[in-house]
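This report describes selected features of one protein model. Please consult the sequence and the structure shown here while reading.

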Amino acid sequence: DRWSYYLAVAGHAKVKTPRGEGYQWDMNGAVYVAHLVRYLIANREIDEARVLVWGHSAGGTMTLETLGHAPELFAGGLTTAAPRTPDSRHLGCRVAVFMGNRDPNWATAPSVRNYVEKLAKKRKGGACAFIEVDGLGHNVPHRDYVSFGLDWILQGSARGGIAKVQEVPDGFEGDYSHILIRHKGAEDSKGVKRSKGSAEKLLKKIKKEVEKGRAWFPFEALCHSEDPDTASSAGWVEREDLEELGVTLPEMESGNVAGPLPGKRGVHLIYKR
């Protein structure tokens, strides 16, 4: 059996905000948290490669402070609705940032995007995934999104990027994740200028990155898939759904990627979990 341990850290003082009562943290608390995590690792059966730090709002700021103080302790960090963005201390870290585009802290979004772009160019071992949640205010995203972000952190060397999802996910059910790239001549392709060859070239590039371990397929689906029906579910579908899209699916083993495969609305890359 596998166990999970949760260490919840409360703010050191309450503070009044325009949105009601909240908490604030003493940044020196990052030192305390690091000491406590080291103690737990030494005295409990904990997989050191799967220790994560996560915080909401000011807790997201504390998450980045803690991660920056002791990056060697954590697989990475996740922030939701945080007023602070990752900085130079986090270049070697894996950081997932969730932000609602109706959040008062949305003004930090351009800074996060710039960080993602700079990090992708430097490739210093870290990665940042920035997920915009459409319609979300200063709240914690749906639990499926949080789980998705934590899973992305644990993907080791998989790259980051920028994605946009709906406030409520379509669901993460199904055995297959798919990326649809539309092209001229396919169904519902009015206004699409991309050729079929260009679509296939893009999918082959993504497939190569996934097979090398530099990309995690479900996150790539959030970033690239042009299927509006699965835009917020990382493309998770059942075999029958793909057949309805005109995709002839080969027999696949878990963890394999197939494609590019032609379909009614474009070309597809398929991943089986």
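## Pairing of strand E8

Strand E8 is joined to strand E11 (residues 267–272) by six bridges, and the two run antiparallel. Strands here are DSSP runs of at least two residues, and helices (H or I) are runs of at least four, numbered from the N terminus; two strands pair if DSSP finds at least two bridges between them. Within this pairing, histidine 178 stands opposite isoleucine 270 in E11.

E8 is also joined to strand E9 (residues 236–237) by two bridges, again antiparallel. Here serine 177 faces tryptophan 236 in E9.

## Basis of the model

The model is predicted: local features need pLDDT of at least 70 and side-chain atom pairs count only at pLDDT 80 or more, while totals for chains, interfaces and linings use all residues. Residues are numbered from 1 along each chain as its sequence is written, and side-chain values use heavy atoms, leaving out hydrogens and water.

## Burial of strand E8

E8 spans residues 176–181, and six of its six residues are buried (under 20% relative accessible area, with exposed over 50% and partly exposed in between; 1.4 Å probe, protein chains only). Tyr176, His178 and Leu180 lie on one side, with Ser177, Ile179 and Ile181 on the other.

## The nonpolar cores

A nonpolar core is a set of buried Ala, Val, Leu, Ile, Met, Phe, Trp, Tyr and Cys residues joined through side-chain atoms within 4.5 Å. The largest has 34 residues, of which Trp152, Ile179 and Phe219 touch the most other members. Apart from this core lies another of 23 residues, among them Ala34 and Phe130.
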